[in-house]
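Notebook open, structure about to go up on the screen. I want to look up the pocket, the overall build and a handful of residues.

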Amino acid sequence: MDNHPELTFTITGAEVGDGTEGTVSGDITIKGVTKPVTFDVEVLGIQEDQNGDTRLGFEASTKLNRKDFGIDFQAPLNGGGVLVGEKINIVIEGSALKNA
């Protein structure tokens, strides 16, 4: 991972659903491998912050197979099975600032 210290995501589209839900699609790059992915997005609220700016709080999530990106590390457990599953969850909690 020394050659690829970052995960990047480039948005290619977004869809607004009913109420507070929608999706954001794009290309995610992990360890030099780029694949399309869609995040499910939930708006958590819209409020004015301490500076008087309007902020939108959100949570975005998706699931990936780590092996699709060449991450094949595995650690067997003494009692059987393995330490790391193939499916990984990516969850982003953040806020967006409304342009003036």
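**Pocket.** My terms before I start: on a 1 Å grid over the protein atoms alone, a pocket is an open set of points where a 1.4 Å probe fits, with protein on both sides within 12 Å along at least five of seven lines, while a cavity is a set from which the probe cannot get out. Lining residues have an atom within 4 Å of a point. Grid points are joined across faces, edges and corners, and a volume is the space filled by probe spheres set on the points.

I looked up the largest pocket and got about 360 Å³ of space. Its lining has 20 residues, and the closest to the centre are Ala14, Thr23, Val24, Val41 and Phe58.

A note on what I'm looking at: this is a predicted model, where local features need pLDDT of at least 70, side-chain atom pairs count only at pLDDT 80 or more, and totals for chains, interfaces and linings use all residues. Residues are numbered from 1 along each chain as its sequence is written, and side-chain values use heavy atoms, with hydrogens and water left out.

Which strands supply the lining of the largest pocket? I found at least two residues each from β1 (8-16), β2 (21-30), β3 (33-48), β4 (54-65) and β5 (87-97). The largest share, 5 residues, comes from β1. Strands here are DSSP runs of E, at least two residues, and helices are runs of H or I, at least four, numbered from the N terminus.

I sorted the lining by class: 13 nonpolar, 4 polar and 3 charged. Nonpolar covers Ala, Val, Leu, Ile, Met, Phe, Trp, Tyr, Cys and Pro; charged covers Asp, Glu, Lys and Arg; the others, Gly among them, are polar.

**Overall build.** I counted 0 helices and 5 strands in the protein chain, running β-β-β-β-β from the N terminus. The radius of gyration is 17 Å, well over the 13 Å that the globule rule gives for 100 residues, so the chain is more spread out than a compact globule. That radius is taken over C-alpha atoms, and the rule is 2.2 Å times the number of residues to the power 0.38. The C-alpha box along the principal axes is roughly 55 × 30 × 30 Å.

Buried residues make up 19% of the 100 (buried is under 20% relative accessible area, exposed over 50%, partly exposed in between; 1.4 Å probe, protein chains only).

**Thr23.** Thr23 is partly exposed at 23% relative accessible area. Its C-alpha is 5.5 Å from that of Phe39, 16 residues away along the chain. Leaving out residues up to four places away in sequence, Thr23 touches Gly13, Ala14, Glu15, Thr38, Phe39, Asp40 and Val41 (contact means heavy atoms within 4.5 Å).

**Lys31.** Most residues other than glycine have a negative phi. Lys31 is not a glycine, yet I read a positive phi of about 55°. Lys31 lies in the loop between β2 and β3 and is partly exposed at 31%.

Is Pro76 buried or exposed? Exposed, with a relative accessible area of 65%. I found Pro76 in the loop between β4 and β5. Beyond four places in sequence, Pro76 touches Gly81 and Val82. Arg55 lies in strand β4 and is partly exposed at 33%. With the four-place cut-off, the contacts of Arg55 include Gly45, Asp49 and Leu97.
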